[in-house]
Amino acid sequence: MKEFVLLATAVILSLAAAGAIVRIAIGPSLLDRVLASDVLLAILGAALAIDMAVNQHLNNLMLLVALAVIGFIGSVTVARFVAERREQNNES
């Protein structure tokens, strides 16, 4: 049963990662690409968490926290950039 669950999660995460990579490649706007990269980071974090749960270790915990912080800071930075850009376009 454990092997089936591991296989199912691997397939689901692989399909989700493929979808996110496609969205990064063909996303029509910057926000689509940023959102897809944030989703890709979340998928990578989920894969690390599954690895830690299956192998019963905490070796990747710091990497998981770093991925979460990087994803958050990146998303906030781009959101602020886009908001400032829209304000400049509305003023002119």
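Me: What is the handedness of the crossing of α1 and α2?
Reply: The crossing of α1 and α2 is left-handed, meaning that the near helix is turned anticlockwise from the far one by less than a right angle. The helices are DSSP runs (H or I, at least four residues), numbered from the N terminus. This is a predicted model, in which local features need pLDDT of at least 70 and side-chain atom pairs count only at pLDDT 80 or more, while totals for chains, interfaces and linings use all residues. Residues are numbered from 1 along each chain as its sequence is written, and side-chain values use heavy atoms, with hydrogens and water left out.

Me: At what angle do the axes of α1 and α2 cross?
Reply: The axes of α1 (residues 2-26) and α2 (residues 30-55) cross at roughly 160 degrees and come within 8 Å. These axes are lines fitted to C-alpha atoms over the stretch in contact, with angles from 0 to 180 degrees between N-to-C directions. Helix α1 is therefore roughly antiparallel to α2 (an angle over 145 degrees).

Me: Is glutamine 56 buried or exposed?
Reply: Glutamine 56 is exposed, because its relative accessible area is 72% (buried is under 20%, exposed over 50%, partly exposed in between; 1.4 Å probe, protein chains only).

Me: Which residues make the nonpolar surface patch?
Reply: Leu58, Leu61, Val65, Val69, Phe72, Ile73 and Val76 make a patch of about 640 Å². Patch residues have over 30% relative accessible area and no salt bridge, and nonpolar side chains are joined within 5 Å; a salt bridge is a side-chain nitrogen of Lys or Arg within 4 Å of a carboxyl oxygen of Asp or Glu.

Me: Where is valine 69 placed?
Reply: Valine 69 is in helix α3 (residues 61-91), and it counts as partly exposed because its relative accessibility is 41%. Valine 65 is also placed in α3 and is partly exposed, at 44%.

Me: What about arginine 85 in α3?
Reply: Arginine 85 is found in helix α3 and counts as partly exposed, at 48% relative accessibility. From C-alpha to C-alpha, arginine 85 and phenylalanine 72 are 20 Å apart in space, and they are 13 residues apart in sequence.

Technical notes. Patch = residues over 30% accessible without salt bridge, like charges linked within 9 Å, V, L, I, M, F, W, Y side chains within 5 Å. Areas by Shrake-Rupley, 256 points an atom, 1.4 Å probe, with all protein chains shown as cover. Helix = DSSP H or I, 4+ residues; strand = E, 2+ residues; numbered from the N terminus. Parallel < 35°, antiparallel > 145°, perpendicular 65-115°, else oblique.
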